[in-house]
Amino acid sequence: MKKENQQHDEDRKDEDLVSGIKIEHNKVPKLLVAVFYVVAIWAIGYAIFMPGKLEVEPEAAPQDNKGELIFTGTCLNCHATGAAPDLKGVTDRLKEEDIKNVIKNGRNTMPAIGHLYTDKEIDKVYEFLEDYR
Ligand code: HEC
């Protein structure tokens with residue numbers, strides 16, 4: 001019977017090793033306590049620091065194409081009709097501040113439309129324009 005158990009122990013080495021050490025040595029509970037504290041401290045750290053990060057992500061997803069939405073919804077009304085210059089590769093031709101200035105304050109026949117958008121949204125439009133070619 002004993003021999004059979006031993007065989008059995010060897011078959012399930014991982015599991016038996018853990019409980020074997022647990023019972024026979026005093027040091028293991030200390031180790032487990034240490035592990036517990038490490039995990040607890042990590043969990044507290046996680047609780048404090050991660051929510052901030054998690055807040056950013058749900059917001060980032062829907063805003064990712066915000067620039068594109070504004071561009072197709074507003075800018076293309078003029079900029080795809082020949083009424084206004086083609087904006088493909090415009091970030092190569094004009095400086096960032098000039099482009100944002102045109103959006104905010106208009107230029108010649110382009111109306112100022114900056115008041116329709118937050119600075120962040122204008123940043124998004126600019127980011128979209130960087131890839132629009
Ligand atoms: C009502 C029509 C209209 C809308 C809407 C419009 N634009 Fe324009 N845009 C123009 C016209 C017309 C010009 C040419 C202005 C000029 O001749 O100086 C222009 C010029 C520009 C220029 C300068 C291009 C160059 O090659 O010098 C940029 C950049 C620009 N628009 C960006 C935008 C963006 C971004 C939007 C959307 C947020 C937008 N525009 C919406 C009519 C419009």
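This is a predicted model: local features need pLDDT of at least 70, side-chain atom pairs count only at pLDDT 80 or more; totals for chains, interfaces and linings use all residues.
Local features need pLDDT of at least 70, side-chain atom pairs count only at pLDDT 80 or more, and totals for chains, interfaces and linings use all residues. Residue numbers start from 1 along each chain as its sequence is written.

The protein has seven helices and zero strands. These elements are DSSP runs numbered from the N terminus (helices: H or I, at least four residues; strands: E, at least two). From the N terminus on, their order is α-α-α-α-α-α-α. Of contacts between residues at least 6 apart in sequence, 56% join residues at least 24 apart; a contact requires C-beta atoms, placed from the backbone, within 7 Å.

Helix α4 also packs against α7 (residues 119-131), at an angle of about 85° and with the axes 7 Å apart. Axes are lines fitted to C-alpha atoms, for helices over the stretch in contact, and angles run from 0 to 180 degrees between N-to-C directions. The two helices, α4 and α7, are therefore roughly perpendicular, a term for angles of 65 to 115 degrees. Lys 66, Gly 67, Glu 68, Ile 70 and Phe 71 of α4 meet Glu 121, Lys 124, Val 125, Glu 127 and Phe 128 of α7. By class, this contact holds four nonpolar, one polar and five charged residues.

Asp 119 lies in α7. Asp 119 is exposed, with 10 other C-beta atoms within 10 Å. Lys 100 is 19 residues from Asp 119 in sequence and 9.1 Å away in space, C-alpha to C-alpha. Buried residues account for 7% of the 133 residues. Burial counts other C-beta atoms, placed from the backbone, within 10 Å of a residue's own (buried, 20 or more; exposed, 12 or fewer; partly exposed, in between).

An unreviewed UniProt entry annotates residues 31-49 as "transmembrane region"; such annotations may be inferred rather than shown by experiment. In the model, this span, residues 31-49, is 100% helix and 0% strand, with its end C-alpha atoms 26 Å apart.

Notes: Angles under 35 degrees count as roughly parallel, over 145 as roughly antiparallel, 65 to 115 as roughly perpendicular and the rest as oblique. Two residues are in contact if their C-beta atoms, placed from the backbone, lie within 7 Å. Ala, Val, Leu, Ile, Met, Phe, Trp, Tyr, Cys and Pro count as nonpolar, Asp, Glu, Lys and Arg as charged, and the others, Gly among them, as polar.
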